[in-house]
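Subject: Structure handover

Hello,

Here is the structure I said I would pass on. Please open it beside this message while you read.

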Amino acid sequence: MNTHRKIAAIFVAALAVLGIAGCSGSSKESAADSLTLAWVVDPSWAQVPVANDLGYFKQHGVNVKIVPFPTGAAALEALAGGAVDIANGGDVPTSAAALKNPNLRVFADGAIWPEGRFVARRSAGINSIADLAGRKIAVPLGSSAHYFASRFLTEANVKADLIQTGPAEIVTAITNHNVDAIAVFQPALAKAVAALGSDAIELQGRQKYNQHSLYLANASVLDSKKQAVGKFVGAIRNADAPLSGQDPAALTAVAKATGLDDNLISQVTSEFRYQTHLGPELAADLADRARWAQSIGRIPADQHIPDYQNIIAGSFVTESNS
């Protein structure tokens, strides 16, 4: 059984066993108005729990079953295997996934996160990125965090030992002193800072990295469930304003879904620019991420880098705007 089919089997079973809830819907509701979403547990896609808990999915007439995933790479594997209809993914895993799955399409960009950064231990003698030379840094390899970590280190002409560590293990890795620093996305980043307390130091490169928070589907789903996807985009767009305005009900929904402490959620969500859109820079940024992956050997050197404009399905954002 190939990887995609294994992932599909695992998460179809998860749906049955866990009964992951979204909008409940009725038994008479058409399957065409239902979507199964591989949701990455990250405030980058905070519109999803907000749209669910504040009733925007119901208002738009779309039934969404939400299946949590730890990373965009895992969510995109499930999408490629047919276990879900739509998925979340950052720009780095999306650029790689598109090379393996020619049917992959981006139909919305929900948020920009310009605050990627290292978290290190002051007690390890680290006060700058230069101090990371030769140190062990925990990072989910192949992720957006891997990209900004590599970029910041290269910018500073620093070589470090990047250790593959999943988001769920990364806080323990640094608090147990298994590593000297971490590079990770939210909410694990905020949890690590809180766990380290005064020992935490946050380090960012000179040129910030703007992470795209993408919503994706296979082309066949965009054709067969066009109406449902359009309703979905309308619902997550409705969640933009409450998130940007730090609405208490919206923050409560995100805190509950991500496991972030109520005292941290306002600070964390304020780092994001929530605006459901598709910017003109997206295709070029995806190509940049692919070339980076190629430069470090995660994509074969002879792999053709496509025109990513061809995988962007802009009509859903345009129609929800009208």
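Predicted model: local features only at pLDDT ≥ 70, side-chain atom pairs only at ≥ 80, totals over all residues.

Residues are numbered from 1 along each chain as its sequence is written, and side-chain values use heavy atoms, with hydrogens and water left out.

Core

The largest nonpolar core has 110 residues. Such a core is a set of buried Ala, Val, Leu, Ile, Met, Phe, Trp, Tyr and Cys residues joined through side-chain atoms within 4.5 Å; buried means under 20% relative accessible area, exposed over 50%, and partly exposed in between, with a 1.4 Å probe and protein chains only. Phe107, Phe118, Leu132, Ile182, Phe232 and Tyr308 have the most contacts inside this core. Helix H14 gives the most to the core, with seven residues. Helices (H or I, at least four residues) and strands (E, at least two) are DSSP runs numbered from the N terminus. At least three core residues come from each of domain 1 (33-112 + 210-311) and domain 2 (117-204), the bounds being from an automatic or database domain assignment.

Ile182 is in contact (heavy atoms within 4.5 Å) with Arg117, Phe118, Val119, Ile137, Ala138, Ile170, Ile174 and Ala192, leaving aside neighbours within four places in sequence.

Helices

The axes of H6 (residues 144-155) and H14 (residues 282-295) come within 11 Å and cross at roughly 70°. That makes H6 roughly perpendicular to H14, a label for angles of 65 to 115 degrees. Axes are lines fitted to C-alpha atoms, for helices over the stretch in contact, and angles run from 0 to 180 degrees between N-to-C directions. His146, Tyr147 and Ser150 in H6 meet Asp288, Arg289 and Trp292 in H14.

In helix H5 (residues 91-100), seven of the 10 residues are buried. The buried residues of H5 pack against H4 (72-80), S3 (86-90), S4, H6, S10 (211-218) and H14.

Strand residues

Ala111 lies in strand S4 (residues 104-113) and is buried, with a relative accessible area of 0%. Ala111 and Gln47 are 64 residues apart in sequence, yet their C-alpha atoms are 9.1 Å apart in space. Ser213, in strand S10, is also buried, with a relative accessible area of 0%. Not counting residues up to four places away in sequence, Ser213 touches Ala111 and Ser44, among others.

Regards

Terms used:
Parallel < 35°, antiparallel > 145°, perpendicular 65-115°, else oblique.
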